[in-house]
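Colleague: I am new to reading structures. Could you take me through strands and helices, one feature at a time?

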Amino acid sequence: MRSILFSLRRVTLLSRHHQPHAFSPIRNPLIPPISPTSSFSHLLHHASFSSSSSSHPDGDKKVAGPLVEYERRIVAGELLDGDLCQLGTLRELQRLYDELVQSADACRLDRYSASAKPTRSNWFWNKFVSPHSSVSPVKGLYLYGGVGTGKTMLMDLFFHQLPSSWRAQRIHFHNFMLSVHSRLQMHKGLEDPLEVVGLEIADEAILLCLDEFMVNDVADALILNRLFRHLFNNGIVLVATSNRAPDNLYERGLQRDLFLPFIAALKERCVVREIGSSVDYRKLTSAEKGFYFIGRDISGLLKQKFQQLVGDEPAGPQVVEVVMGRKLQVPLAADGCAYFLFEELCDRPLGAADYLGLFKEFHTLALEGVPRFGLHNRTAAYRFVTLVDVMYETKARLLCTAEGSPLELLESIVTIADAQQIAPRTSSRSRKSDDIDLCVDNELGFAKDRTISRLTEMNSKEYLEQHSIMLQEKQPSL
C-alpha cells in the first residue's frame, strides 16, 4: 500500500512538472526523387526501389526514404558519387524507414493519435496491473565509424524524410544529457526520477536520433544504464551515431561493470552498423581561407581581425546566462562576436552546458593562445574538444591563435593501443621533455581525429560561406 501511495505521488508530480517538447526538431519539406543518370546512381536507383516498397506516410504514392533523397543529392551534385560504404549504411536506414512506416501504429509514432498519448491513468494501470513492457517491434540503428565518414549527414538525411506528424526528435548527445540532468533536478525527491524522465522523453519522441553518442563521465554512464532501460520499455526506437563501437563505449571507465548491461541492451535493441571509408569528407574543402593563425605573440593580429568583424559596434564585457541560473563572464563582446583567452574558457571548470549557452548568444568566437596539448594540460584538452564539438554543432565561426596546426596541437595525445606501438627507450637514449609529456588517454585519443577534422573544416571556405548564409537567414527582414 505504501508503494502505491508513492506511485500516486509520482503521477501527481509528473502531471505538475511535465513540459512537452523540450527539444523540438526542425524538419525540412520532402523533396521529390529525380531519375538517376550515372552508373553509381543506377546501382543506387536499383537499391532504393528494390529495398523499399512503401509509399510516403503523408500519402505520396512515390517510393520515399533516405535512399531516394541520397540519389537526388548525387544527381544534383550536392554529394560526391560512388561511396559504396555510405550506400550500405543507407540500405540499413531505408530498412528502418520502411519498417517504421509499416509499423507506425504499433510504434505509436503519430503524435496526434489518441492512442499515442499516454495519460496518468493508463501509465499507472500499465505499471501496476499490466507488468509487460511496450518494447518497440522495430529495431533501431547504431552507426559508428571514423571521422568525416558522413555519419551525421546520413542520420540527418534519414531524419528529414520523416513525416512531421511523427514523434521524432534529432538532438546532439551533449544537449540530450543536459536535458536529462535538468529533468532529474526537476523531479528530485521522487522514488525513481529516472522512470519519470523516461516517460517524459518517450511521450515527446518515440523515435530518438542522437548524434555523437559518447560516454566519458561515470555519472552519465550510471544514468544511461537505468534511463535506457525505461526508454526501451516505453517503446523508444533509437538511431545513434558514434565514433566508438558499442563494446568500446566508456572503455576503462570507472565502475564500467555497471555500464555493461546498457551495452547489451543497446546491441539487442539496435542493428549495429560500421561505416567504413578511407575518405574524410570534411577535409575535401578549400583550406587556408579562415581565421586560424599559427604563432606566438600574435594576439594583436587576432584583436585586429576581431575588430574588423564587429565594425563600429563598441566591444565590452558581457554576462551570459548558461544553464540553471549559472552565468558566464565574457571578457569582450560585440555584434554576436565574443573574445576569450584560452585559459578563460578551457582552464576553468566549464563544460558543454556553458559552451552551449555561450553559442546561443554568440555566433563567432575569437580564442587567443591555444596551446599544444599533452599530459600537463589534459583537462584543458578535454574542454577544448568539447568546445570544438559544440561550435561545430551550432555552426559557429572560430578565430584563433594557436601554437601549431590542428594536427600538431594534438600529436602528443595517444590511445593505449597507439602507446603500445611506440618503441621503448633504450638505455643509451635519455627521455626528452616532449616524450615525457605524452598523454595516454583512450577517450581523448579517439576524439583526437574528430577534433582535427572539425578544426580543418571550420577553417575552410565552404564552412565560412555556410556560416555567412546562416547569419543572413537569422537577420530580420526589413
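Modeller: Start with one pair of facing residues. This is a predicted model. In it, L341 stands opposite E368 in β10.

Colleague: In what sense do β9 and strand β10 pair?

Modeller: The general idea comes first. Strands of a sheet pair through backbone hydrogen bonds, either parallel or antiparallel. Here β9 and β10 (residues 364-370) pair in the parallel sense, over five bridges.

Colleague: And in what sense do strand β8 and β9 pair?

Modeller: β8 (residues 327-334) pairs with β9 in the antiparallel sense, over three bridges. A334 stands opposite C337 in β9.

Colleague: What do β8 and β9 form, and how many residues lie between them?

Modeller: They form a hairpin, with two residues between the strands. Look at D335 in the turn: its phi is positive, about 50°.

Colleague: How many of the five residues of β9 are buried?

Modeller: Four are buried, and strand β9 (residues 337-341) is mostly covered. The cut-off for buried is under 20% relative accessible area.

Colleague: Now the whole sheet. What is the order of its strands?

Modeller: The sheet is open and has six strands. Read them as β6-β11-β10-β9-β8-β7, with mixed pairing. At the edges are β6 (291-294) and β7 (316-321), each pairing on one side only. From one strand to the next, the twist averages 30°.

Colleague: On to helices. How are two packed helices described?

Modeller: By the angle between their axes and the distance between the axes. Take helix α8 (residues 173-186) and helix α9 (residues 193-204). Their axes cross at roughly 130° and come within 9 Å. That angle makes α8 oblique to α9. The crossing of α8 past α9 is right-handed.

Colleague: Which residues make that contact?

Modeller: From α8 come F176, V180, R183, L184 and M186. From α9 come P193, L194, V197, E200, I201 and E204. By class, the contact of α8 with α9 has eight nonpolar, no polar and three charged residues.

Colleague: Let me try another pair. At what angle do helix α3 and helix α7 pack?

Modeller: Helix α3 (residues 66-75) and helix α7 (residues 151-159) pack at about 115°, with axes 8 Å apart. α3 also passes α7 in a right-handed crossing.

Colleague: Which residues of α3 and α7 make the contact?

Modeller: α3 supplies P66, E69, Y70 and R73, while α7 supplies M153, L154, L157 and F158. Six residues in this contact of α3 with α7 are nonpolar, none is polar and two are charged.

How values were computed: Residues numbered from 1 in each chain as written. Predicted model: local features only at pLDDT ≥ 70, side-chain atom pairs only at ≥ 80, totals over all residues. Heavy atoms only, no water. Axes fitted to C-alpha atoms, helices over the stretch in contact; angles between N-to-C directions. Left-handed = near helix turned anticlockwise from the far one by under 90°. Contact = heavy atoms within 4.5 Å. Nonpolar A, V, L, I, M, F, W, Y, C, P; charged D, E, K, R; others polar. Buried < 20%, exposed > 50% of the residue type's maximum accessible area, 1.4 Å probe, protein only. Pairing = 2+ DSSP bridges. Parallel < 35°, antiparallel > 145°, perpendicular 65-115°, else oblique.
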